[in-house]
Amino acid sequence: MNIVRLYNTQSRQIEDIVPLNPDKILRIYCCGPTVYNYAHIGNFRTFLLQDVLHRLLLTMGYGVKFVRNITDIDDKTIRGAQQENVSLRSFTERWTDIFHRDCEALNILPPDVEPKAASHVAEQIAMIETLIQKKHAYAAADGSVYFRLSSFPDYGKLSRIDIKQLATQNENSAGRTNLADEYDRDSVHDFALWKAYKAEDGDVFWESPWGKGRPGWHIECSAMSVKYLGETIDIHGGGIDLCFPHHENEIAQTECATGKLFVKHWFHSEHLQVEGQKMSKSLGNLFTLSDLKNKGYDASTVRYALISGHYRQILNFTFAGLDAARSALSKLKAKVVNLCEKNNLSFDENFLPKNITYHSPNSAIEALKNDLNVPKCLGEIFSALNDAQNMELQELYALCFILGIEKFLFHRDLKAIEVPSDIAELAAQRWQAKGNKNFDESDRLRQLLGEKGWNVVDQKDGYELEKMDF
Ligand SMILES: [Zn+2]
């Protein structure tokens, strides 16, 4: 096994990833999407970086059990279902399917288990009962149950937040306040484990020892993580915005229920900005995968752009960056075509490069092993490709697999499918414009082809046309 090193949010140190369990299988839990709308590129940056980590660990010889949940009970899903006058289940199943379709387009490996909160209410109730028995939680007069923060002195150990300086906790960064104006909590810091039924919940409720209601958001991750991965897990991932309060609350719930350490290693990815600005609905920059497709960028380009910054730095997502990603992929594709032809090789869809012996030192792999440095890895790949010495095909495949771009570079039919004549005409005009160094015109034509669903891959003395995947 090749040891991977990774920054741990809790210790603020880069540490070796060494499996805790005797079976050497790494237990990884990542907080998944809330299925009420399209996931946007900020969400996908997080899921893609987790995917690169997942692929790196597999390739380095680790055994991995990867769990990513689906949040299908919260204010947003309940409101969405009500507005459409459909059941919560059919509403969230539809958005889950859309999420899966986007993940597939982006070539994100599916998790080993993808538990849904609504299918695990019994497990959540059982954990809340344990917390009440151990005096870490209490039921209020209205039938809601709260976690007693004063019973857990370690609260805040992950984010190093001082509880005394806290305002009232929020349900989540985008959601509504967590019954903050209720008077029956012992302390304003106590957060809800179970929410008593309110008329606005409509037909969404479960029976519990405390009456009708629904679980609070935080408890699902604790209950499902313990169920599928055991009491202590190796790695827990999520966007940095989940660090507080969601992950602090997960720690409090799980450690108080089990009496054991919950997570050894915390993996958080930083925010995304768009053209230097915060992402927000009002700025209209919460782009989804289909928004970008409509602007002529395919999933491979989006994937490449979103993983290309270091996960611990804010990524400024720009259209210039997308263009650069597309051109980098074209260069890689040309190299792959060239190497495949030279070696008279094609690759099997299921080829997993687990047992590759790396030429040492392989600086591109080393960059990934050392705190998942994707930008450095990409730089090393391109300098190796530019080098007179050819990179070996197997090696390049392994790197592309870890970065999750192998599907776009290796598995697609290398010979383009039949090209309609208008597309062929535009591509020929573009090639001519490029030859005349009229780059504005050649970019304009490339964009136009993209809008029509075709990608141009330039090679040394010609180009290929590819139909975009989605
Ligand atoms: Zn979570």
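Biologist: Which residue follows H15, and what is its phi?
Modeller: H15 is followed by Gly453, whose phi is positive, near 90°. This is a predicted model, in which local features need pLDDT of at least 70, side-chain atom pairs count only at pLDDT 80 or more, and totals for chains, interfaces and linings use all residues. Residues are numbered from 1 along each chain as its sequence is written. Helices (H or I, at least four residues) and strands (E, at least two) are DSSP runs, numbered from the N terminus.

Biologist: Which residues of H15 are buried?
Modeller: Ser442, Leu445, Arg446, Leu449 and Gly450 are the buried ones, where buried means that 20 or more other C-beta atoms, placed from the backbone, lie within 10 Å of the residue's own. They lie on the same side of H15, because they cover an arc of only 145° around the axis, taken from the directions from the helix axis to the C-beta atoms.

Biologist: Turning to the sheet, in what order do the four strands come?
Modeller: The order in this open sheet is E4-E3-E9-E10, with parallel pairing; two strands pair if DSSP finds at least two bridges between them.

Biologist: Which strands stand at the edges?
Modeller: E4 (63-68) and E10 (263-269) do, each with a single partner strand, so one side of each has no neighbour in the sheet.

Biologist: And how many bridges join E3 and E4?
Modeller: E3 (residues 25-30) and E4 pair in the parallel sense over six bridges. Ile25 stands opposite Gly63 in E4.

Methods. Buried ≥ 20, exposed ≤ 12 C-beta atoms within 10 Å, placed from the backbone.
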